[in-house]
Amino acid sequence: MTLHDENEFKIKGYNNALFNLERYNESLSQTKIDDIEKIQGVGKSTAKTIDELTQTGEIGALEKLKEKTPVGIMEMLKIKGLGTKKIKTIWQQMGIEDTSTLLEVIEKGELSKVKGFGEKTAQNIKEILLFIQANKHKLHYSKAEKIANDLCDTLKKEFPNDLIEVTGEVRRKLEIINEIKLVVGTDSKQKLINYFNSFPDIVYDEIHSGPQTWRGKLKEGGITIIIKFSSKKRFYNTLLSTSSSPIHLSHIVKDDLTLNKIIKNNTIGSEEEAYSKIGVPFIVPEIREGQFEWEAATKDKLPKLVEMSDLKGILHNHSTWSDGKHSLKDMAAYCHELGYQYLGISDHSTSAFYYANGLKEERVIAQHKEIDQLNEEMTPFKIFKGIESDILPDGRLDYDDDMLASFDFIVASIHSGLSMDIKKATDRLLTAIANPFTTMLGHPTGRLLLQRKGYPIDHKTIIDACAEYGVIIEINANPWRLDLDWRWVHYAIEKGVMLSINPDAHEKDGYADMYYGLCVGRKGGLTADMTFNSFSLEQVQNHFSKRKKRALAQIK
Ligand SMILES: [Zn+2]
Ligand SMILES: [Zn+2]
């Protein structure tokens with residue numbers, strides 16, 4: 001509506017309705033139109049629009065606007081950091097209708113001359129556009145894993161006599177997937193090829209296919225699908241070689257012996273068999289990265305990786321007190337229902353007031369009252385009083401010490417002022433880590449995978465500081481974040497820094513993301529005893545109390 005110069009009053013009305021509807025806990029399609037009208041900020045005309053959506057599946061007025069908007073402009077609307085007003089200028093003043101023309105114009109230096117843009121903004125937009133271009137046909141692990149498993153299940157049903165497994169990047173549980181790969185052990189290859197060629201959701205890529213490899217692209221989103229064929233006899237050879245990184249395969253274990261050579265010179269009946277031929281225990285696919293696994297395996301010290309069943313509680317979550325979708329009570333009840341012992345609620349803090357409904361002091365006090373009451377009702381289950389405190393540009397947390405002392409734990413995170421160089425970002429985090437009230441560092445780099453690079457940080461310095469000050473680092477388990485990156489998990493463990501697998505849930509379903517954080521932890525060799533939220537309720541309580549006592553002693 002902004003793009004098409006609609007009535008500003010109407011636009012404000014919709015925004016206001018949206019803000020309130022996002023906090024409405026019932027299903028709108030099950031709510032009568034008269035009752036929808038009564039929801040705060042909604043009113044007659046918006047209620048009618050919602051009713052239209054429920055009845056017909058679309059909103060006529062919106063469809064008309066979409067028809068009048070070029071595809072390229074719709075794409076620009078999805079870019080974070082490029083607001084509607086700027087897009088309007090690009091489209092209506094400059095006549096640009098797609099991202100590749102926009103990129104050309106920036107490269108010629110023409111955008112920076114337009115009022116409201118300037119050199120720095122133009123460069124920022126350029127970086128975002130290049131980033132999106134480079135990530136176009138990639139997928140988050142969460143999405144790719146599902147596609148790969150579904151495809152694998154379909155094939156297994158269709159060809160029950162063949163050996164079929166997911167392999168490649170998905171089997172190694174990498175955070176971003178470039179290609180989905182399956183290995184098929186069969187003695188009737190042509191039958192499978194015929195089947196793939198007529199598969200409805202995948203377009204065959206003849207040029208890049210070969211006698212042992214069938215390649216295609218998924219119609220939706222365009223990710224590459226690869227089917228690797230082998231004989232049934234050599235199935236496990238192919239599975240092992242396609243689900244290990246090159247550096248894992250070529251590592252010289254002893255006397256010139258590599259996994260590569262074992263695979264080449266033997267026909268193995270299982271992956272375990274290959275490892276036992278080298279004289280080491282089985283190494284799971286997700287740690288076959290050449291990081292630490294060989295040294296550990298040869299000393300018979302492979303870590304016992306943390307499992308879902310080790311996790312006793314869920315920390316770092318939001319409720320309707322800030323920008324979450326479900327009430328504190330619902331979040332707690334569902335956490336309890338899933339079998340966890342405790343929930344750490346950490347809504348947004350005071351400086352997030354404008355973008356995430358962050359809690360000013362008096363609302364913190366009110367929330368604590370509600371938590372006390374819920375804790376009485378739900379005992380022995382416990383809600384810990386936390387906050388996700390914004391780290392200000394100078395590294396301070398955004399409450400005074402008295403307020404900070406009223407929480408059980410504090411997740412310190414950066415949410416604004418993200419364009420920093422490595423020195424500024426690292427110093428900002430270091431100041432927050434040194435704050436005696438900081439319990440945990442939230443999403444260390446602020447990255448959003450496939451959408452925005454994080455600010456650059458000196459990981460080693462940050463982890464060393466967390467070790468010095470006893471600060472836990474979160475593995476933010478949201479599939480868009482997965483931050484701390486798995487490449488730094490092992491270093492953190494070596495330094496004795498505990499990690500906490502946190503879903504950063506903004507709704508009940510968000511708890512399911514814990515699994516993706518678990519994958520990241522496991523990739524880095526994380527064990528249950530180094531995972532903070534594998535602690536029992538009592539252990540967590542003790543840790544929080546001890547930290548707070550120490551903090552209070554320090555500020556005296
Ligand atoms: Zn956050
Ligand atoms: Zn959060």
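What follows is a chat about a predicted model.

Colleague: Let's start with the metals. Which protein donors hold the zinc ion (ligand 2)?

Modeller: Look 2.1 to 2.2 Å from the zinc ion (ligand 2) for its protein donors. Along the chain they follow the spacing H-x1-H-x69-E-x115-D. With atoms included, the set is H316 (NE2), H318 (NE2), E388 (OE) and D504 (OD).

Colleague: What do you call the arrangement of those four donor atoms?

Modeller: The angles they subtend run from 83 to 170 degrees. A tetrahedral label needs all angles between 85 and 135 degrees. The range found here makes the arrangement around the zinc ion (ligand 2) irregular.

Colleague: How many residues apart in sequence are the parts that H316 and D504 tie together?

Modeller: H316 is buried at a relative accessible area of 0%, and D504 is buried at 6%. The zinc ion (ligand 2) has both of them among its donors. H316 lies in strand 8 (residues 313–317), while D504 is in the loop between strand 14 (499–502) and helix 24 (514–523), so the parts they tie together are separated in sequence by 188 residues.

Colleague: And the other zinc: which residue coordinates both ions?

Modeller: The zinc ion (ligand 1) has E388 (OE), H415 (NE2) and H443 (NE2) as protein donors, at 2.1 to 2.2 Å. Their spacing reads E-x26-H-x27-H. The two zinc ions are 3.4 Å apart, and the residue that coordinates both is E388.

Colleague: Are E388 and H415 buried or exposed?

Modeller: E388 belongs to strand 10 (residues 382–390), and H415 to the loop between strand 11 (409–413) and helix 21 (422–434). That puts the pair 27 residues apart. As for accessibility, both E388 and H415 are buried.

Colleague: What stands opposite V184 in strand 7?

Modeller: Strand 4 (residues 179–185) pairs with strand 7 (residues 224–230) in the parallel sense, over seven bridges. Opposite V184 you find F229.

Colleague: Last one: how many residues of strand 13 are buried?

Modeller: In a regular strand the side chains alternate between the two faces of the sheet. Here I472, E474 and N476 are buried on one side, and I473 and I475 on the other. Strand 12 (residues 440–441) pairs with strand 13 in the parallel sense over two bridges, with I473 as the bridge partner of L441. For strand 13 (residues 472–476), the buried count is five of its five residues.

Terms used. Residues numbered from 1 in each chain as written. Chains lettered and ligands numbered in written order. Predicted model: local features only at pLDDT ≥ 70, side-chain atom pairs only at ≥ 80, totals over all residues. Heavy atoms only, no water. Donors = N, O, S within 2.8 Å, 3.2 Å for Na, K, Ca; no water. Tetrahedral: all angles 85-135°; square planar, octahedral: opposite > 155°, others 65-115°. Helix = DSSP H or I, 4+ residues; strand = E, 2+ residues; numbered from the N terminus. Buried < 20%, exposed > 50% of the residue type's maximum accessible area, 1.4 Å probe, protein only. Pairing = 2+ DSSP bridges.
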